[in-house]
Amino acid sequence: MRILVVGAGATGGYFGARLAQAGQDVTFLLREKRALAVQEHGLTVHSPHGDFHFQPTVLQASQLTGPYDLILLTVKSFGLEAAMKDIAPVVGEQTMILPVLNGMKHMETLSLRFGEHALIGGLCKINATLDAEGHIHQMTPMHQIFYGELSGDKSERIQRVDQAFQNAGFEAFLSETIISDLWEKWLLLSSFGAITCTMRGNIGQVASAPGGKEFALGIVNEALTTMKAFGYAERAAAVAKTKEAVTDKNSQQTSSMYRDMTQGNAVEADQIVGDLVERAIRVGIHVPLLQAAYTHLSVYQLTRKSA
C-alpha cells in the first residue's frame, strides 16, 4: 500500500514513522522548511516504547506523483485548505483519505472537495509534541489510531488499511462506529479546551475551585445538547466517562489548545469550539458557557495576530 502522510508534526510524524519503521511504503508531504530539516537530519522519535531515528522519504507538493492508495491527513485544521490543494493531483479514483483532524467540520469540507466515497473516518489518541529541534516526544504510552468506513461496513479497502496498520508499533482499531467515535472525541476535546483555556488551569485546578465542577459539567452539557441536535446518538458510557474526566480534582490534564495558547501559538478555536457555537445558534440552542469560551479564544487569536 502506497501511503502519503501529510505533515510531520507530533501526530503525523509519530504514526508515519511507526508505519515506515514497520516496512510500509510511506512518503511524507511537507512544507519547504520542515522538508529541508527532515531531509537533512531525519526524524527522531522519543517514546516510552523505545527511541528511534530514521531517514524518511520526503517530498514537497511540486514533487508529488500519484495516485496514492492512502493519504493520512494530519495537519492542523487551519492548514486544511492548503493541504487539500497540495494533495488534489494525487487523489485517484481508488484513493482513500484518512483525516485525523479535530472536530467534525473537516469531514464536510473534505467530502465537498473530493466526494464522500474518498473519505474514511479516523481519529487518534496520543499525547505528543515537537521540541525546538523538531524531535517528536511521545509523553505517555498511549498511541492509538481508530479508522472505519463512514457507513460502518467492513469493506475490502478498509480491511487493507487495517492490515497495514496492525503490528505497526501502535494500537490500531478498525471501528464499525467511527462516526460516534468522532462525535465523542469532539465532545472530550471541546470540553477540555473550553474548560482549561477559559479558566487558565488544568482540570484538577478548575474542579477544585469554587464553582469549577459546575462550570465543567455545564460546558459538557452544552456541547452534548448541540451534538445531539446534529445527529449524535448518545452513548451513555462515553458521556459519563467524559463527565468524570472533566471533574477529576486530581487530574493534571490540560488540552492541546491550552498548551498552544500558553506557548503563544495559533489555536484551533474555530474548529473545536466555534463550530459548536455556530451550530447551536443555527438551531436555537442556548450555549452561554461555550459562547464565552469561544469569545475568550477569539480575543486571544486577535491579540496574537496584532502582537
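## A first look

Which residues does Ile195 touch, not counting residues up to four places away in sequence? They are Ile203, Val206, Phe215, Ala216, Ile219 and Val246. Ile195 has its place in helix 6, and it counts as buried because its relative accessibility is 0%, under the 20% cut-off. Along the chain, Leu297 is 102 residues apart from Ile195, and the C-alpha atoms of the two are separated by 11 Å.

Please keep in mind that this is a predicted model. With that said, let us step back from one residue to the whole protein.

## The overall shape

The protein contains 12 helices and 10 strands. Its C-alpha atoms fill a box of roughly 55 × 40 × 40 Å, taken along the principal axes. How does the radius of gyration fit with a compact globule? For 307 residues, such a globule would have a radius near 19 Å, and the protein has 19 Å, so the two agree.

Of the contacts with a separation of 6 or more, 70% are between residues 24 or more positions apart. Buried residues make up 51% of the 307 residues.

## The surface and its charges

The accessible surface of the protein comes to about 14,200 Å². Carbon and sulfur atoms account for 50% of that surface.

As for charge, there are 26 positive and 30 negative side chains. The centres of these two sets lie 4 Å apart.

In soluble globular proteins, nonpolar side chains tend to be buried together. Here, the largest nonpolar core has 60 residues. Leu4, Val6, Ile87 and Leu290 are the residues with the most contacts inside this core. Its largest share, nine residues, comes from helix 6, which covers residues 178–199. A second, separate core has 37 residues, including Phe15, Phe28, Phe52 and Val100.

What lies around Leu4? Leaving aside neighbours within four places in sequence, Leu4 is in contact with Thr27, Phe28, Leu29, Leu64, Tyr68, Leu70, Ile71, Leu72, Ile87 and Val90.

Phe54 is found in strand 4, residues 52–54. At 17% relative accessibility, Phe54 counts as buried, because the cut-off is 20%. Leaving aside neighbours within four places in sequence, its contacts are Ala17, Ala20, Phe28, Gly42 and Leu43. One of these, Ala17, is 37 residues apart from Phe54 along the chain, with 8.0 Å between their C-alpha atoms.

Arg279 lies in helix 11, which runs over residues 269–283. Arg279 is buried too: its relative accessible area is 12%, and Phe54 counts as buried at 17%. Residues up to four places away in sequence aside, Arg279 touches Met104, Trp183, Trp186, Thr226 and Phe230.

## Leu130, at the end of a strand

Leu130 lies in strand 8, residues 121–130. Is Leu130 buried, exposed or partly exposed? With a relative accessibility of 34%, Leu130 counts as partly exposed.

Ala8, Gly9, Ala10, Arg34, His135 and Ile136 are the residues that Leu130 touches, not counting those up to four places away in sequence. Gly152 is 22 residues apart from Leu130 along the chain, and their C-alpha atoms are separated by 34 Å.

Most residues other than glycine have a negative phi, and most peptide bonds are trans. Where is a cis peptide bond found in this protein? One joins Gly66 and Pro67, with omega at about 5°. Pro67 has its place in the loop between strand 5 (57–59) and strand 6 (70–73).

Asn167 is not a glycine, yet its phi is positive, at about 60°. This residue is found in the loop between helix 5 (156–165) and strand 10 (171–174). Asn167 counts as exposed because its relative accessibility is 76%, and the cut-off is over 50%.

Arg200, also not a glycine, has a positive phi of about 55°. Its loop lies between helix 6 and helix 7 (203–208). With a relative accessible area of 47%, Arg200 is partly exposed.

Definitions and conventions. Residues are numbered from 1 along each chain as its sequence is written. This is a predicted model: local features need pLDDT of at least 70, side-chain atom pairs count only at pLDDT 80 or more; totals for chains, interfaces and linings use all residues. Side-chain values use heavy atoms; hydrogens and water are left out. A nonpolar core is a set of buried Ala, Val, Leu, Ile, Met, Phe, Trp, Tyr and Cys residues joined through side-chain atoms within 4.5 Å. Buried means under 20% relative accessible area, exposed over 50%, partly exposed in between (1.4 Å probe, protein chains only). Helices (H or I, at least four residues) and strands (E, at least two) are DSSP runs, numbered from the N terminus. Contact means heavy atoms within 4.5 Å. The radius of gyration is taken over C-alpha atoms; the globule rule is 2.2 Å times the number of residues to the power 0.38. Accessible areas come from the Shrake-Rupley method with a 1.4 Å probe; for residues, only the protein chains shown count as cover. Lys and Arg count as positive and Asp and Glu as negative; His and the chain ends are not counted. The place of a charge is taken as NZ of Lys, CZ of Arg, CG of Asp or CD of Glu.
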